[in-house]
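Please walk through the structure shown below, starting from a pair of strands and ending with a few backbone details.

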Amino acid sequence: MFFSYPRNKRLIFIIFIIISIGLLFIKSELLLAQKVRKELLRHVEYLSELGNRLAGSEGDIQAAQYIKEQMSDFGLQVKKENFHFSIYNPLSVSLGLAEGRKLGLEVIAWDPFLNGNQIQGSILCVSSATASSAEEISKLQVSGNIVVINPLGDEEFNLGMLNRALLLISRNMPKAIAMVAASDQEAAKDLVGQSVIEGAIELESERKEYNSCNIIGLLPGKSAALEEIIISAHYDSDIYPGSNDNASGVAVMLEIARYFSSDKYRPNKSLRFCAWGAEESGFIGSRIYISRHSAHLKNLCQAVINIDSVGGGGDIYVEMDGGVENISPIKGSLSIPFHIVDKALHNRMLHSDILWILPQLILASNVDESFKGTINKAVELAGYTIKPAQYQGSDHLVFARAGIRATNFATSGGYVHSEEDNLANIKVENMEKVMSIIIKLVELLDKD
Ligand SMILES: [Zn+2]
């Protein structure tokens, strides 16, 4: 006891030093987290204040310029890849039946090679009464006909069922698929169960030309000639500020770029950060990118990690499904469907709100078992939880359709395509979580 005094003093001193270092470490971690949060919000704020970022608008051009400058600041090799496209914006869509009867339509997709403002033919009415199982749906004679879905009063016909029906139907190449507008579903009740009737889908539309671009920032890996990982987000919006959809995704993508560009965290593989233009017009930017860089993608792309609308306060959803139920996933060889190539974009009628290209193009998912395992591991390492999702409508679907491994991060509890999609409703916590998970995911893929 007697001799213990100086020893105790030394011990106290050592403990003091350890605690101080620990506190300093915690403080610097905290400061770093605060800095990241500040930067994430700064990006969302800047992009939101541009007003809308409709493809080709002033806001769209300035957003692209901002992203380009940020990427250059982080030391990325940045390229602006311009593109031009024309689409038909729909003014009205209706279903014309015998005796001048008309019904409003909400969703319409048609054979993109049928051009023209009227699609005539036999109409097949589908509801859960006639198509309650995959087997029943695949027996329908849809080829060459117009398929009209009336989900009225059909509790069975939920979104999952609808998606599955759309996919199964579209694989058999109908002339068009349409859904009766909510306001006319009651009036269309008598059509359900009727055999084939004659009619036409009438479209009134105007053709418009647009210019937009993709901003591509390359962070070369420490080892040359290894695979590349794509981390992407679309920067355009619809008519609203799009703080969640998708300034939030762009912000997360930029901060991931900043993180990996520091020498300390630089991966062995190259990272390609892609800000897609004109997603809201029908995944135009990503489709053009695929058509222009198909050989490079085929040889070098390990995976696409897309980020779309991650500023909601609910759960984090990650695209994890390997394909639609009963339909095997598309994987392996890269074969770009003809729909995706540049020239086919010309004269196509597309609009994200009421017009779809045939769902067979977009309802694809491409997360194989090993990629799924890597995503789950990254989530575990980051210490968060996610919910698996399928068919989140964003650019990753186009890559999936082209046979490239692709996933998407999104959140629930946020606003999209509404006036409420503004800065005040952004929840930055989920953006930080998504960022941490993707950083872990990239680190795991880098070792793969
Ligand atoms: Zn989006």
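V148 has A178 as its bridge partner in strand 5. The model is a predicted one, in which local features need pLDDT of at least 70 and side-chain atom pairs count only at pLDDT 80 or more, while totals for chains, interfaces and linings use all residues. Residues are numbered from 1 along each chain as its sequence is written. Strands here are DSSP runs (E, at least two residues), helices are DSSP runs too (H or I, at least four), and both are numbered from the N terminus.

The protein has 12 helices and 13 strands.

Strand 9 (residues 301-307) is mostly covered, with 6 of its 7 residues buried. Strand 9 pairs with strand 7 (residues 228-234) in the parallel sense over 5 bridges, and I305 of strand 9 stands opposite I231. Strand 9 also pairs in the parallel sense with strand 13 (residues 406-411), over 4 bridges; there N306 has N408 as its bridge partner. Helix 6 (residues 284-292) is likewise mostly covered: 7 of its 9 residues are buried, among them R287 and Y289.

Next comes a pair of helices. Two packed helices are described by the angle between their axes and the distance between the axes. The axes of helix 10 (residues 369-382) and helix 12 (residues 428-447) come within 8 Å and cross at roughly 125°; axes are lines fitted to C-alpha atoms, for helices over the stretch in contact, and angles run from 0 to 180 degrees between N-to-C directions. Helix 10 is therefore oblique to helix 12, since angles under 35 degrees count as roughly parallel, over 145 as roughly antiparallel, 65 to 115 as roughly perpendicular and the rest as oblique.

Which residues of helix 10 meet helix 12? T374, I375, K377, A378, V379, L381 and A382 meet S436, I437, K440, L441, L444 and L445, where contact means C-beta atoms, placed from the backbone, within 7 Å. A378 is buried because 23 other C-beta atoms lie within 10 Å. Leaving aside neighbours within four places in sequence, A378 is in contact with I437, K440, L441 and L444. The C-alpha atoms of A378 and S436 are separated by 8.8 Å, although the two residues are 58 apart along the chain.

Some backbone details remain. Most residues other than glycine have a negative phi, and most peptide bonds are trans. S309, not a glycine, has a positive phi of about 65° and sits in the loop between strand 9 and strand 10 (316-319). S309 is buried, with 28 other C-beta atoms within 10 Å. H417 also has a positive phi, near 50°, and lies in the loop between strand 13 and helix 12. H417 counts as partly exposed because it has 17 C-beta neighbours inside 10 Å. The peptide bond from D245 to N246 is cis, with omega near 5°, and N246 is placed in helix 5 (residues 243-261).

How values were computed. A residue is buried if 20 or more other C-beta atoms lie within 10 Å of its own, exposed if 12 or fewer, and partly exposed in between; C-beta atoms are placed from the backbone. Two strands pair if DSSP finds at least two bridges between them. Two residues are in contact if their C-beta atoms, placed from the backbone, lie within 7 Å.
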